[in-house]
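Reader: I'm new to this one and would like to go through it with you. Could you show it to me, and I'll ask about the labels as we go?

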Amino acid sequence: MQRFKNKFALITGGTNGMGFATAQQFINEGGTAIITGRSKETVNNALKKLGGKAVGIVSNAGDFKDLMNLQSEVRKHTQTIDMVFANAGYGKFAPIEYVDENQFDELFNVLVKGPFFTVQQMLSLMKEGSSVIFNTSVATEIAMPNFSIYSAAKSAVQSFIKNFATELTERRIRVNGISPGHIKTNIFNNTGLNSEQIDEAVKNIIPTIPFKRLGEPSEIANAVLFLASEEASYIHGAEIKVDAGISVVR
Ligand SMILES: NC(=O)c1ccc[n+]([C@@H]2O[C@H](COP(=O)([O-])OP(=O)(O)OC[C@H]3O[C@@H](n4cnc5c(N)ncnc54)[C@H](OP(=O)(O)O)[C@@H]3O)[C@@H](O)[C@H]2O)c1
């Protein structure tokens, strides 16, 4: 399939995990992917794997100055963006008593301020028929110990789906979201856990997943690209759960 021939996508956090898988599939289907990441190293590593139809920008989704520079950086490569996947982010998890102001602000900066201003800054490049996809989380549906801040931040992003859809209807820009369950990415690497603790956490999570396995980043990419494609031309203001049913199966 060549659903994205001659189209451009901005994928924040495209160096790894779901963002990278989405960039790969978007390119395979004829498009050009502009990815962001936090460092030259991570961005360049991803570009090597993605090949010639990928462009990289070092941009911190939690840094307001970087967010305000994003539009001019993107305009160096294209004047039109057909899909924005607001995806960059990570989790930090702690009991309520241990959450400090830094952790609170850090997560809200990356997970809430980041997607808001990313999309805001791309709007002048987006024409009728383009689409925005926010990345939320199963953590908006299921309460889990230590997830209070992460869940609140992702719930804020969930509200952007509806509110952005409302405001952008007139411009015929479709706005949707995906809500991933537990996906096999580097998400745990930013949490401060060592590899043994990560293995232990994953071991405890698997039995709670209806399909008894983590999701693959490509399974998220499939849903993102469906939402960005013409096949989803009547889908607006929706959130697709890609979570093996964990948010509903008991
Ligand atoms: N994995 C899960 O189970 C899960 C479930 C629900 C939702 N999510 C959400 O899915 C999104 C993608 O995460 P992932 O699981 O694919 O994790 P991942 O493999 O760790 O990838 C995260 C991506 O985001 C980038 N990133 C992180 N912080 C950034 C920042 N401040 N500025 C710019 N880029 C940043 C990383 O870039 P660098 O490589 O340059 O650091 C990387 O490209 C996140 O929003 C996460 O909250 C994940």
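Author: Let's start with Thr-118, which touches Leu-10, Thr-12, Leu-67, Leu-70 and Val-84, leaving aside residues up to four places away in sequence. Touching, or contact, means heavy atoms within 4.5 Å. This is a predicted model, where local features need pLDDT of at least 70 and side-chain atom pairs count only at pLDDT 80 or more, while totals for chains, interfaces and linings use all residues. Residues are numbered from 1 along each chain as its sequence is written, and side-chain values use heavy atoms, with hydrogens and water left out.

Reader: What makes Thr-118 count as buried?

Author: Its relative accessible area is 2%, and buried means under 20%, exposed over 50% and partly exposed in between (1.4 Å probe, protein chains only). So Thr-118 is buried. Thr-118 lies in helix α4, residues 101-122; helices (H or I, at least four residues) and strands (E, at least two) are DSSP runs, numbered from the N terminus.

Reader: Why is Ala-244 called partly exposed?

Author: Ala-244 has a relative accessible area of 24%, so it goes in the partly exposed class. You'll find Ala-244 in the segment after β7 (239-242). Its phi is near 55 degrees, a positive value in a residue other than glycine. Most residues other than glycine have a negative phi. Lys-212, in the loop between α6 (195-205) and α7, also has a positive phi, near 55 degrees.

Reader: Why are the rings of Phe-4 and Phe-26 called stacked?

Author: Rings of Phe, Tyr and Trp (its six-membered ring) pair if their centres lie within 6.5 Å; planes under 30 degrees apart count as stacked, over 60 as edge-to-face and the rest as tilted. The centres of Phe-4 and Phe-26 are 4.8 Å apart and their planes are at 25 degrees, so the pair is stacked. Phe-4 sits in the segment before β1 (8-11) and Phe-26 in helix α1, 22 residues apart. Phe-4 is buried at 4% relative accessible area, and Phe-26 is buried at 1%.

Reader: And what makes the pair of Phe-134 and Phe-160 tilted?

Author: Their ring centres are 5.9 Å apart and the planes are at 50 degrees, so this pair is tilted. Phe-134 lies in strand β5 (residues 131-135) and Phe-160 in helix α5 (residues 148-168), so the pair ties together parts 26 residues apart in sequence. Phe-134 and Phe-160 both belong to one aromatic cluster, along with Phe-64, Phe-116, Phe-117 and Phe-164.

Reader: How do you know that α1 is roughly parallel to α2?

Author: Axes are lines fitted to C-alpha atoms, for helices over the stretch in contact, and angles run from 0 to 180 degrees between N-to-C directions. Helix α1 (residues 17-28) and helix α2 (residues 40-50) pack at about 30 degrees, their axes 11 Å apart. Angles under 35 degrees count as roughly parallel, over 145 as roughly antiparallel, 65 to 115 as roughly perpendicular and the rest as oblique. So α1 is roughly parallel to α2. On the α1 side, the contact is made by Phe-20, Ala-23, Gln-24 and Ile-27, and on the α2 side by Ala-46, Lys-49 and Leu-50.

Reader: Then why is α1 called oblique to α7?

Author: α1 and helix α7 (residues 217-228) pack at about 60 degrees, with axes 8 Å apart. That angle makes α1 oblique to α7.
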